[in-house]
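Before reading the notes below, please take a moment to look over the sequence and the model side by side.

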Amino acid sequence: MVDSAEPLRDRDVVRKLQQGDLEALGTLYDRHRQMVFRTALAITTDDEAAADLLQDVFLRLHRFADRIDPDRPLEPWLYRMTANLSYTWMKRRSLWLRALREMGEWLARERRPTPQHFAELDESWQQVRHALASLPLQQRIVVVLYYLNDLPVHQIAEILGIPAGTVKSRLHYGRRALKARLGVREELLPETYYEYT
Amino acid sequence: MSDPMDVSFGRWLKSGLNRRRPPEAVRGRVLRAAVSRQVAMDRHSARFYTRWSGRHRGVGFDAWSFGLAAQAAMDWFPGEMTTFRVAY
């Protein structure tokens, strides 16, 4: 007997989306938004950019739904789109960054921190953000897909369209840079329980 | 390929991102943009202008346009017009 309350699988929802059902887009958004948002956030280290990229990824999902094969898992497509859009955003930003950096530093000196600012300050995120931001972009994307999304090397290679050896190399240097950045001694890493969904 | 620190790195990265959540407003923005895009796509497709196409897509000849067409027909043929039919 089929349980009518059982949620539809992604492939069925994608088929509905291909037929123009916008509720299907909402369903896919609810299922995958955390993953897309956190991936974009880890790559860009910018909350507002991650929110914009989240929106962009799902609008592209709607736009290109006809080109998606429902019988293949949706996650790799989402990872690829998130990584590509984040990469493009970072590249664009770097063009402006140099000119804006001085102005930003000047404004930061002028700004008075508010109580809300301190309330929103998440220490563990700040630590992660600074460490990720220190990595070169290509290494950062690989590190994020490997450590945050738990993807195997061959799948990262497939998503990014690069050889598995290149993924391993970027992972190796990224890992080494992180260790140096964090001054890693194993006991310093937090034994934090997390609920990552 | 694995490193003794892999588990710790993964845990560290996830715990750092654990409390980061997308703004609630994004969902509405996505769906609104998708709706407007879908309507625009329908109106730009040749299929939209074929007979009965709007009935299945839920994007038909809207009441406002129907009112304009009816008014124009009545203005142009005031005496003769007993019935009129707007093209689909």
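A:Thr45 is buried, because 21 other C-beta atoms lie within 10 Å of its own, where buried stands for 20 or more such atoms, exposed for 12 or fewer and partly exposed for the range in between, with C-beta atoms placed from the backbone. This is a predicted model, in which local features need pLDDT of at least 70 and side-chain atom pairs count only at pLDDT 80 or more, while totals for chains, interfaces and linings use all residues. Residues are numbered from 1 along each chain as its sequence is written, and chains are lettered from A and ligands numbered from 1 in the order in which they are written.

**Two residues with positive phi**
- A:Thr45, although not a glycine, has a positive phi of about 55 degrees, and its place is in the loop between helix 2 and helix 3 of chain A.
- A:Asp150 is likewise not a glycine and has a positive phi of about 55 degrees; it lies in the loop between helix 7 and helix 8 (153-160) of chain A.
- A:Asp150 counts as exposed, because it has 11 C-beta neighbours inside 10 Å.

**The chain as a whole**
- Chain A has 9 helices and 0 strands, which are DSSP runs numbered from the N terminus (helices: H or I, at least four residues; strands: E, at least two).
- Of the 197 residues in chain A, 31% are buried.

**The nonpolar core**
- The largest nonpolar core has 50 residues, of which A:Val57 and A:Leu145 touch the most other members; such a core is a set of buried Ala, Val, Leu, Ile, Met, Phe, Trp, Tyr and Cys residues joined through C-beta atoms within 7 Å.
- Helix 2 of chain A gives the most to this core, with 10 residues.
- Domain 1 (8-112) and domain 2 (121-186) of chain A both give residues to this core, so the core lies between them; the domain bounds come from an automatic or database domain assignment.
- Leaving aside neighbours within four places in sequence, A:Leu145 is in contact with A:Tyr79, A:Ala83, A:Leu151, A:Ile156 and A:Ile159, contact being given when the C-beta atoms of two residues, placed from the backbone, lie within 7 Å.

**The side that touches chain B**
- In chain A, 37 residues are in contact with 28 residues of chain B.
- Helix 2 of chain A gives the most to the side of chain A that touches chain B, with 9 residues.
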